[in-house]
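Subject: Structure for your review

Dear colleague,

Please find below the structure that I am handing over to you. My notes on what was found in it follow directly after.

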Amino acid sequence: MMKNKGRMIVVSAPSGCGKGTILAEILKDDSFFYSVSATTRAPRVGEEDGVNYHFISNDEFEKLIAEDGMLEYAKYCDNYYGTPKKILEEKMNEGINVILEIEVQGAMKVREICPDALFIFIVPPTISELERRLRKRGTESDDVIAKRVSEAAGEIQKAVNYDYILVNAALEDAVEDFKTIVKAESMKTACSKNLIDEVLKNA
């Protein structure tokens, strides 16, 4: 039976919500693909091309823009950052779900361009739990933690613009909830027209 086309999944979360840990578990399943952004800035120590970013020249990036090859892009501190379209389209045509890990502002930009994408916002059980997790890292000062908690509260208020809210209270449950959301979405009629045609063809 013909496969459904893969889905574009946009995932956002405040720092400290465990988004990276959840996605690391999700990406063990080869029906998911993580979209790596492109940038014109130089690699930092320890960064790998194709893992952290696709590091390309300014001319290459502007050529992609001119050819409508970027899903979305922005320029910060004289460097471009963006999401190349080609690999996303290839993977989705293969029936693979493509994950874009992106902040709220960028996600809303993608929403305008790709209204059919699936938008998931990950939240902590409570703000106090988020603060506890940030403190547990032991890598930031009290002032930085206070700022992150304040920013997180503002971001969480924007979660109403997403399709689903996923509470990360326990990793195993959050991963299962993520997969359940994606599975349910794939069974919607709007996503299953190819399957309907295939069923009727073999009647």
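Helices, as named in this message, are DSSP runs of H or I with at least four residues, numbered from the N terminus. Helix α7, in that sense, spans residues 171-186 and contains Glu176. Please keep in mind throughout that this is a predicted model. With a relative accessibility of 49%, Glu176 counts as partly exposed. The C-alpha atoms of Glu176 and Ile26 lie 9.0 Å apart in space, although 150 residues separate the two in sequence.

The sheet

Four strands make up an open sheet, in the order β4-β3-β6-β5, and the pairing within it is mixed. Its edge strands are β4 and β5, each of which pairs on one side only.

How many bridges join β5 to β6? There are six, and the two strands run antiparallel. Within this pairing, Ala74 has Tyr81 of β6 as its bridge partner. Two residues separate β5 from β6 in the hairpin that they form, and Cys77 in the turn has a positive phi of about 50 degrees. Strand β3 is also antiparallel to β6, and two bridges join them; Ala38 stands opposite Gly82 of β6. Because five of the six residues of β6 are buried, this strand is largely enclosed by the rest of the structure.

Aromatic pairs and charges over rings

Across the whole structure, the search finds eight aromatic pairs. Such a pair of aromatic rings is described by the distance of the centres and the angle of the planes. Two of the pairs are set out here.

Tyr53 and Tyr81 are arranged edge-to-face, with 5.9 Å from centre to centre and 65 degrees between the planes. This pair links distant parts of the chain, 28 residues apart: Tyr53 belongs to the loop between β3 (38-39) and β4 (54-55), whereas Tyr81 belongs to strand β6 (residues 79-84). Tyr53 counts as partly exposed, at 21% relative accessibility. Ring pairs also bring Phe55 into the picture, linking Tyr53, Phe55 and Tyr81 into a cluster.

Phe61 and Tyr73 are likewise an edge-to-face pair, at 6.4 Å centre to centre and with 70 degrees between the planes. Phe61 is in helix α2 (residues 58-66) and Tyr73 is in strand β5, so the pair ties together parts that are twelve residues apart in sequence. Phe61 has a relative accessible area of 0% and is therefore buried, the cut-off for that term being under 20%. Tyr73, at 37% relative accessibility, counts as partly exposed.

Charged side chains meet rings in two places described here. The charged end of Lys75 sits over the ring of Tyr80, at 4.7 Å from the ring centre. For Arg111, the charged end sits over the ring of Phe119, at 4.1 Å from the ring centre.

Helix α4

Which residues of helix α4 (residues 104-113) are buried? They are Val104, Gly106, Ala107 and Val110. These residues lie on the same side of α4, because they cover an arc of only 160 degrees around the axis. On the face turned away from the buried side, α4 carries the exposed residues Gln105 and Glu112. The N-terminal end of α4 is capped by Glu103, which has a side-chain oxygen 2.8 Å from the backbone nitrogen of Gln105.

Lys85

Lys85 has its place in helix α3 (residues 85-93). Its side chain makes a polar contact of 3.0 Å with the side chain of Asp68. Leaving aside residues up to four places away in sequence, Lys85 touches Asp68, Gly69, Met70 and Leu71.

With kind regards

Terms used:
Residues numbered from 1 in each chain as written. Predicted model: local features only at pLDDT ≥ 70, side-chain atom pairs only at ≥ 80, totals over all residues. Heavy atoms only, no water. Buried < 20%, exposed > 50% of the residue type's maximum accessible area, 1.4 Å probe, protein only. Arc of directions from axis to C-beta. Polar contact = N/O pair within 3.5 Å; in protein donor to acceptor, adjacent residues only side chain to side chain. Phe/Tyr/Trp six-rings, centres within 6.5 Å; stacked < 30°, edge-to-face > 60°. Lys NZ or Arg CZ within 6 Å of the ring centre and 35° of its normal. Pairing = 2+ DSSP bridges. Contact = heavy atoms within 4.5 Å.
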